[in-house]
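Here are my notes on this model, point by point. Please read them with the structure open.

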Amino acid sequence: MAADHDAPARDVPTTESSSVNNEKAPLPEYTENVALESAGWDEQRTKKLLRKIDSRLLPFLALLYLLSFLDRTNIGNAKLERLTQDLKLTGLKYNDALGIFFPFYVLAEVPSNMAMKRFRPSIWIPSIMVAWGICCTLMGVVTNYHGLMAVRSCLGLAEGGLFPGITYYITMWYRRHECGFRMAIFFSAATAAGAFGGLLARGILEMKGVGGYNGWRWLFILEGILTFIIAIIAFFAMYDYPQTAKFLKPEEREEIAARLKRDRSSLADEFDIKYFFAALKDWKIWVHMFITIGVYTGLYSYSLFVPTIINSIGTFTPEQSQLLTVPPYVVACLFCISAGWFADRLKQRGIFMMFFMGMAIIGLIMLMATRSPGVRYLGCFFLASGIYPNVPQGVAWNGNNIGGSLKRGVGIAMHVGFGNLGGVVSSYLFLSKQSPHYYQGFGTLLGCQAMAFVLSAFMTIYLRRENARRDREYKPPSEYTEEERIAEREKGDNATFFRYTV
């Protein structure tokens, strides 16, 4: 797979319908009721082109996120294998080590997306991978609490740019209602990381005593080395944007640019700081941020503590608990991908998110209301299947509704960054003194899911009404000329031809 490492274009004002180049990728906004294919491109040929792009991009992107999620959550597996005893993590020290990751993770997200806009994915993404691979390996050689805290801080700073960066990157290749399914496939790697991580941990932890190290050290060392190797490959394997992708024929590059133009119109694409402030002042992005912190608090609580939770609901050995974490992740992965496909097909987001929030609430009630190990373990399936699909659904929903390239990049980073502060909250929800029932932790997650449900319902109603208002007051988006769209190019999602995804 040959990467495309052309020099970045000079930063000049462009529109989102401009030709796709390195940082000037076309991110025009969606318009309804327009032809989806150019002359000479029928539906079957377009599907073949999308499959070609999918096959070149998605497997590798999913692998990158699998490694990212594995390297940030493997500490939960290590906890069951003498991590806390060897490093003398008494009291809240283990929770501190979990929580310190997230402020630095959040701190990196907005600058990282702006840097990727300024430079190129094939340089930026592998570079941060090298950094976090080294950090993960170093976690295997720390000797005390302070060393663990320092390395976890650096790991958060290094990993912070991947998820918002790849999310932004996907929007540079696909039409708006094609992104959700691709983001779901990409994020399904997180569920795969949970399943794969449990199996991998079960095997690596058997290396206890090799080189004088306990098994938890080898878990960090080997997974960090694996990330470093894949990062070096990524420098040569990642593509930048369609206009420079060598696996595409010239006519295919033109068709991708044309599809994005028809789908999203002609909003501004230049690097201008005013679009950064436009994102900060958009109240809709802030509502999505609070939805996301509700979702992500559950996400990180589950991924960091599920080995501990499962270990507490029955008389399981640590090895059995590692293996029992796998089935809920597998089911959640299936829900994640299928929900992405159906949401794209129906062009709906809010209703899907509310459905899965309801599923998570059922799972939490099952975990809180009974002491039956079987019922509580089934609750883990409901909880995982309700939480994981809403991560790609939420970021696709927010990203779909932000007009303008840089504003979208900043808005996605704000969305993901604020949501990841939920990781700080989750780090202190499941304390050892609350075992085995963890009522405080599960109750907090129940409140987070309820908040997210109410805000999602509010946004769904508001966006439907706003679309209806624009339909009443302005002409259909398909009737706007290119000149009329360009006249509103700096208005973003406030342009009169813009319609929201609900």
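**Notes on cavities, a helix contact and a ring pair**

1. The residues lining the largest cavity divide into ten nonpolar, nine polar and one charged. Here Ala, Val, Leu, Ile, Met, Phe, Trp, Tyr, Cys and Pro count as nonpolar, Asp, Glu, Lys and Arg as charged, and the others, Gly among them, as polar. The lining has 20 residues. Nearest the centre lie Thr-73, Asn-77, Gly-194, Ser-303 and Tyr-329. Helices α1 (43-79), α8 (176-204), α9 (215-237) and α12 (283-312) each supply at least two lining residues. The volume of this cavity is about 130 Å³.

2. A word on the basis. This is a predicted model, in which local features need pLDDT of at least 70 and side-chain atom pairs pLDDT 80 or more, while totals for chains, interfaces and linings use all residues. Residues are numbered from 1 along each chain as its sequence is written, and side-chain values use heavy atoms, with hydrogens and water left out.

3. How many cavities of 30 Å³ or more are there? The count is four. A cavity is a set of points, on a 1 Å grid over the protein atoms alone, where a 1.4 Å probe fits but cannot get out; lining residues have an atom within 4 Å of a point. Grid points are joined across faces, edges and corners, and a volume is the space filled by probe spheres set on the points.

4. The second largest cavity has a volume of about 50 Å³. Its lining includes Asp-282, Lys-284, His-288, Asn-398 and Tyr-500. Helices α12 and α20 (439-473) each give at least two residues. The largest share, three residues, comes from α12. Five lining residues are nonpolar, three polar and two charged.

5. Helix α4 (residues 101-118) packs against helix α5 (residues 121-139) at about 145°, with axes 8 Å apart. Axes are lines fitted to C-alpha atoms over the stretch in contact, and angles run from 0 to 180 degrees between N-to-C directions. Helices are DSSP runs (H or I, at least four residues), numbered from the N terminus. Ser-112, Ala-115 and Met-116 in α4 meet Pro-121, Trp-124 and Ile-125 in α5; contact means heavy atoms within 4.5 Å.

6. The structure holds 35 aromatic pairs (ring centres within 6.5 Å; planes under 30 degrees apart are stacked, over 60 edge-to-face, the rest tilted). Phe-276 and Phe-277 are edge-to-face, because their planes lie at 80°, with ring centres 5.2 Å apart. Phe-276 is buried at 18% relative accessibility, whereas Phe-277 is partly exposed at 42%. Buried means under 20% relative accessible area, exposed over 50%, partly exposed in between (1.4 Å probe, protein chains only).

Terms used
On a 1 Å grid over the protein atoms alone, a cavity is a set of points where a 1.4 Å probe fits but cannot get out, and a pocket is an open set with protein on both sides within 12 Å along at least five of seven lines; lining residues have an atom within 4 Å of a point. Rings of Phe, Tyr and Trp (its six-membered ring) pair if their centres lie within 6.5 Å; planes under 30 degrees apart count as stacked, over 60 as edge-to-face and the rest as tilted.
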